[in-house]
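Open the structure in your viewer and keep the selection tool at hand. Each stop below tells you what to select and what is there.

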Amino acid sequence: MFDEVYTLFREIEKGVTLISFLFPYLPTPANWQRDRARIRLTEILSNVVESRKSSGRVEEDTLQKLIDSKYKDGRPTTVEEVVGLIIGLLFAGKHTSSHTSTWTGACLLSHPAFLRAAIEEQHQVAKKYKDGLEYNAFLEMDTLHNCIKEALRKNPATPLLVRRVHKRFTVQTKEGQQYDIQQDYIVATPTIVNNNIPYIYTDPQVYDPNRFGPERREDKVGGKFSYTSFGGGRHVCTGEAYAYMQLKVIWSHLLRNFDLELVSPFPNTDWSKFLPDPQGKLLVRYTRNGI
Ligand code: HEM
């Protein structure tokens with residue numbers, strides 16, 4: 001089942017392009033495949049939800065929370081809604097994480113000074129937690145954290161955040177120009193532009209994880225929306241802490257156990273995707289070492 005779910009996910013992902021975002025029902029092979037995969041994935045996950053419900057078993061997990069949730073008027077969630085939420089959650093967490101992990105690798109392996117600093121930090125943490133790395137050890141990996149954060153600043157997983165306006169409002173630019181934003185307008189905020197504003201980020205084109213260190217704190221200087229790779233406001237990413245933790249677990253393991261070298265050129269961004277990945281294959285040579 002795992003293989004089939006993974007394949008279906010890939011097929012849905014392939015249908016999430018910039019074109020399909022603007023024209024979701026365009027009759028293209030990618031959109032057909034995406035829609036067929038969505039139907040099959042719904043079938044598989046519906047069976048999982050139905051089987052949990054009919055078993056009478058109560059577990060301490062996310063699936064149970066979704067099944068037990070109720071709307072404000074007391075109505076419980078339907079199987080279809082639970083399945084939709086699971087697909088949404090998997091989509092929110094899976095692709096964004098693999099995207100960020102890949103860009104972190106590409107950035108680290110092309111910036112030797114930061115790679116050395118991240119490896120040195122692994123030495124220090126491994127020395128301190130010699131009985132095995134646990135949760136707190138990963139929280140102490142500030143250098144690695146900032147390397148991931150900077151890779152994500154330069155390569156946000158969601159370069160455009162979109163909202164429908166519920167209530168009319170005005171907005172004023174830094175230069176004093178006012179805009180009237182009317183109800184039902186669609187507003188888009190380009191993360192990729194926000195993350196490169198020169199009065200917030202010094203030399204924004206440069207990969208420099210030190211910008212997030214205690215002396216500079218560039219993610220805070222422009223206010224709470226300076227760094228928007230995890231969104232902001234009411235719908236800010238609820239998985240941010242988990243995302244950093246899993247990315248640190250992955251990269252800490254790789255840095256502690258392998259010598260890594262990027263053998264393909266630093267990748268361009270594939271802008272045809274709605275969630276723009278590195279273009280082409282990223283080739284890495286690895287030798288096992290072990291800190
Ligand atoms: C590096 C990895 C991740 C990145 C870059 C990321 C980014 C984002 C962004 C930009 C948003 C806001 C979308 C918007 O405003 O329209 C968001 C929302 C969300 N993310 Fe993440 N995310 C990541 C990982 C995760 C993980 C691992 C999970 C769950 C396990 C998760 C769950 C969610 C959920 C549920 C929302 C919707 C929140 C809401 O609408 O109230 N994310 N994420």
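**Before you start.** This is a predicted model: local features need pLDDT of at least 70, side-chain atom pairs count only at pLDDT 80 or more, and totals for chains, interfaces and linings use all residues. Numbering runs from 1 along each chain as its sequence is written, and side-chain values use heavy atoms, with hydrogens and water left out.

**Stop 1: the whole chain.** Show the protein chain as a cartoon. Its secondary structure comes to 10 helices and six strands. Helices (H or I, at least four residues) and strands (E, at least two) are DSSP runs, numbered from the N terminus. The C-alpha atoms fill a box of roughly 55 × 55 × 40 Å, taken along the principal axes. Of the 291 residues in the chain, 38% are buried. Buried means under 20% relative accessible area, exposed means over 50%, and partly exposed is in between, with a 1.4 Å probe and protein chains only.

**Stop 2: the ligand.** Select the ligand and the residues around it. There are 22 of them, and Thr-158, Arg-163, His-235, Cys-237 and Thr-238 come nearest. A residue is near if one of its heavy atoms lies within 4 Å.

Which elements each supply at least two residues of this shell? They are helix 5 (79-109), strand 1 (160-164) and helix 10 (240-257). Helix 5 gives the largest share, six residues. The shell divides into 10 nonpolar residues, 11 polar and one charged. Here Ala, Val, Leu, Ile, Met, Phe, Trp, Tyr, Cys and Pro count as nonpolar, Asp, Glu, Lys and Arg as charged, and the others, Gly among them, as polar.

Stop 3: A polar contact is a pair of N or O atoms within 3.5 Å. Pick Arg-163: a polar atom of its side chain lies 2.6 Å from an oxygen atom of the ligand. Pick His-235 next. An N or O atom in its side chain is 2.7 Å from an oxygen atom of the ligand. Then go to Ala-92, where a polar backbone atom is 3.5 Å from a nitrogen atom of the ligand.

**Stop 4: a ring pair.** The structure holds six aromatic pairs. Rings of Phe, Tyr and Trp (its six-membered ring) pair if their centres lie within 6.5 Å; planes under 30 degrees apart count as stacked, over 60 as edge-to-face and the rest as tilted. Select Phe-258 and Tyr-286. This pair is edge-to-face, at 5.7 Å centre to centre and 85° between the planes. Phe-258 lies in strand 5 (residues 258-262) and Tyr-286 in strand 6 (residues 284-288), so the pair ties together parts that are 28 residues apart in sequence. Are the two residues buried or exposed? Phe-258 is buried, at 14% relative accessible area. Tyr-286 is exposed, at 59%.

**Stop 5: two positive phi angles.** Most residues other than glycine have a negative phi. Asp-184 has a positive phi of about 75°. Find Asp-184 in the loop between strand 3 (178-181) and strand 4 (186-190). Its relative accessible area is 46%, partly exposed. Asp-203 also has a positive phi, near 40°. Look for Asp-203 in the loop between helix 9 (191-194) and helix 10. Asp-203 is partly exposed, at 47%.

Stop 6: Select Gln-178, in strand 3. Gln-178 is exposed, with a relative accessible area of 54%.

Conventions: Polar contact = N/O pair within 3.5 Å; in protein donor to acceptor, adjacent residues only side chain to side chain.
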